[in-house]
Amino acid sequence: MKYLDEYRDEELAQKLIKEIARIVTKPWVIMEVCGGQTHSIVKYGLDRMLPPEIELVHGPGCPVCVTSLEMIDKAHAIASREDVIFCSFGDMLRVPGSHSDLLVLKSRGADIRVVYSPIDCLKIAKANPGKKVVFFAIGFETTAPANAMSVWLAKQQGITNFSVLVSHVLVPPAMAAILQSPQNRVQAFLGPGHVCTVMGYNEYFPLASTFKVPIVITGFEPMDLLHGVLMTVKQLEEGRAEVENQYSRVVNEAGNRTAMDLVYKVFEVSDRKWRGIGSIPQSGYKLKSEFKDYDAELIFNVDKIDTQESSVCISGLVLQGVKKPQQCSAFGKQCTPEHPLGATMVSGEGACAAYYTYGRFLEKIEMAVPE
Amino acid sequence: MVQKIIMEIKEINSSIDYATLLGSCPLPITNYKEVTLAHGSGGKLTHRLIEQMILPQFKNEFLSPLHDGALLNINNTKLAFSTDSYVVNPIFFPGGNIGELAVNGTVNDLSMCGAKPMYLSAGFIIEEGFAMEDFWRVILSMQNAAKKACVLFVTGDTKVVDRGKGDQIYINTSGIGIIPDDVNIKTANVKAGDKIIINGTIADHGIAIMSVRENLEFETEIRSDTAALNGLVETILNASKDVHMLRDATRGGVTSVMTEIAESAKLGVYLEETKIPIREEVKGACEILGLDPLYVANEGKMIVIVPPGICDTVLQAMQSHPLGKNAAVIGEVVNQHAGMVMMKTAIGGSRVVDMLSGEQLPRIC
């Protein structure tokens, strides 16, 4: 397939890997920020093709993984109401809350629907005037424009039975939190390609200079990732700490102005709690006060939530790149995609689920290659 | 003969201690208090549901191999017997409809046993208010599919349920086929070194359904691959009777079939990602939807496992048939990583290909 197969080419991959091996002289720990990147790396077996000096650790960029338990429990409380049609992105459905998940609530009769775009919720709202349609607006900067658009359009069109439960998170504050942690091992980042498609990469210059870390904005195909690793290793070996753009076919420095304007019309920056990591100041979006009529948290008043997190799950440490999924005592035992204890085991973008699905256990299984 | 079979059935039934089963364990322990949609996905939860709730209660030598159909022997005639239910939404989709699917599905299950499908039954559960015109379309296409597959409907049943208690129409079909004496298709035949062949492009059916459900429009229409495979199976068996295994890759996609074979044969499966045929537009749709085509359903695709010596002969025979013209060797059975499917990825890396627990969930971004 054109514009895709070129980025999945075995010969080119070998060339890039050879070049990385040629320039690397010592061990480096590089974090890929996005869950989509993690998924691609494990799916193509990329990390195991790299020279042993390079360790890839998996970052917090899996939106369903970092959505706080309180928020998920609130979503479950709202979704369980008889007067509600609850709409969500697909991979949120199996994320465990304190007591249940959306799939189980659906089997008990809750009206829960998977949508590809939040704009679809407006159609559902118009078709069901007697119901309150709620969209679970989660995600990083990538999903913010479409989520903002749904609220913006609802106001324009005077749709009153639509609201959003907002749990938006932002990448740069999370990267700063990881770098400031005493446990931090990360020496460089493969930056978030899709987030920067929307936001540009101006915000990353202060991070690179303050913390002296190279940041290479990187795409999601195997060649993008290998190229990103090569650019990062080059900086590390040369002692540079700059922001570079590997994903230049999509990302530009200034970002998508139209999308950003819409986001700032509807949302404002706020503190946000991250699952497994805790509260990070100024790390999320909330609805601006002029859109409070669309705020599901205010409409449904679901404040008294008693959360219960699994005591063995170490997803917070996995999300910060401190631990690998197999280092958790529950991995592949009590915790599997059929019965996840933490969100990193649910989404395809979660490091634990990617490791489990693609057979990454403690012992490496060698593939037999017939002649 | 009849007496003998009745005695056998009595013996098997009496060997199952129902009192113990019911008394000591009123409900097998599962992680779920209710059945969820994920239990119907064809992945791990479906298997667990069958293994925990159903199999132990009906255990017998005909059921245990868990093939696409049961292999029976009556009066020295080898029979295949199979059943399947169809609940697809929407009922009309590009390339077919629920009626055609219901005929082809059971025909294919019988064919995968090496049988020549003969007689089918049809059970209709119809929702009150279902348009008579739509029912007529379904019936006509069943008639047409049966004619094409050369099978007869010999018995049937209709039930109507209250509006809202069903989704327009559900169809169950069961079928009987005769297995030629010299045909012997079963998992136990599968050996290390065997070649794995597929008869064409993957994921067409699942993506055709999804594109209607999600209102996705592509430049070229993606059509379901629903087809009766009995003709192709006949071509294959005419080329060589030494075929080891046949399985149609329906719900759960190629992954579910390959994992099931690896597990039950206690051998490893090696696949090569770049060898697996897939249409450009289907690949594109999978990228947009965030789905892995290896898990997406097919309705006219089969996996053929053959000893290396006859691989070329079988492949050529398949390619000469309209339903096998894109047939390709996609991998091999190996002694290593027993019970597990591993794949050489497009860029030369390796990964495990495992069944999903439930439905493939579209990713956020």
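Residues are numbered from 1 along each chain as its sequence is written, and chains are lettered from A and ligands numbered from 1 in the order in which they are written. The model is predicted, and local features need pLDDT of at least 70, side-chain atom pairs count only at pLDDT 80 or more, while totals for chains, interfaces and linings use all residues.

Reader: Which element supplies the largest share of the side of domain 1 of chain A that touches domain 2 of chain A?
Author: Domain bounds come from an automatic or database domain assignment. Chain A is split into domain 1 (1-311) and domain 2 (315-357). Contact involves 27 residues of domain 1 and 20 residues of domain 2 of chain A. The largest share on the domain 1 side, 5 residues, belongs to helix 2 of chain A.

Reader: How far apart are the C-alpha centres of domain 1 and domain 2 of chain B?
Author: Chain B is assigned domain 1 (1-60), domain 2 (68-182) and domain 3 (187-353). For domain 1 and domain 2 of chain B, the C-alpha centres are apart by 24 Å.

Reader: Which are the edge strands of the open sheet of 5 strands in chain B?
Author: Two strands pair if DSSP finds at least two bridges between them. The order is 1-2-7-5-6, with mixed pairing. Each edge strand pairs on one side only; the two are strand 1 (70-74) and strand 6 (152-161) of chain B.

Reader: What angle does helix 5 of chain B make with strand 5 of chain B?
Author: Axes are lines fitted to C-alpha atoms, for helices over the stretch in contact, and angles run from 0 to 180 degrees between N-to-C directions. Helix 5 (residues 132-149) packs on the sheet and touches strand 5 (116-127), strand 6 and strand 7 (169-179) of chain B. With strand 5 of chain B, the direction of helix 5 makes about 170°.

Reader: What is the order of the open sheet of 7 strands in chain B?
Author: Its edge strands are strand 9 (245-248) and strand 14 (350-353) of chain B. Strand 10 (residues 268-272) and strand 13 (residues 341-344) of chain B pair in the parallel sense over 4 bridges. Pairing in this sheet is mixed, and the order is 9-11-8-12-10-13-14.

Reader: Why is strand 11 of chain B largely enclosed by the rest of the structure?
Author: A residue is buried if 20 or more other C-beta atoms lie within 10 Å of its own, exposed if 12 or fewer, and partly exposed in between, with C-beta atoms placed from the backbone. B:M302, B:V304 and B:V306 point one way and B:I303 and B:I305 the other way, and all are buried. Strand 11 of chain B is largely enclosed because its buried residues are 5 of the 5.

Reader: Which residue of strand 11 of chain B is the bridge partner of B:L246?
Author: Strand 9 and strand 11 of chain B run antiparallel, joined by 4 bridges. The partner of B:L246 in strand 11 of chain B is B:V304.

Reader: Which residues have the most contacts inside the largest nonpolar core?
Author: A nonpolar core is a set of buried Ala, Val, Leu, Ile, Met, Phe, Trp, Tyr and Cys residues joined through C-beta atoms within 7 Å. The largest has 216 residues. Not counting residues up to four places away in sequence, B:V341 touches residues including B:M258, B:A262 and B:L271. Those with the most contacts inside the core are B:M258, B:V304 and B:V341.

Reader: Which residue of strand 5 of chain A is the bridge partner of A:C87?
Author: Strand 3 (residues 84-88) of chain A is mostly covered, with 5 of its 5 residues buried. Strand 3 runs parallel to strand 5 (residues 132-139) of chain A, with 4 bridges. In strand 5 of chain A, the partner of A:C87 is A:F135.

Conventions. Two residues are in contact if their C-beta atoms, placed from the backbone, lie within 7 Å.
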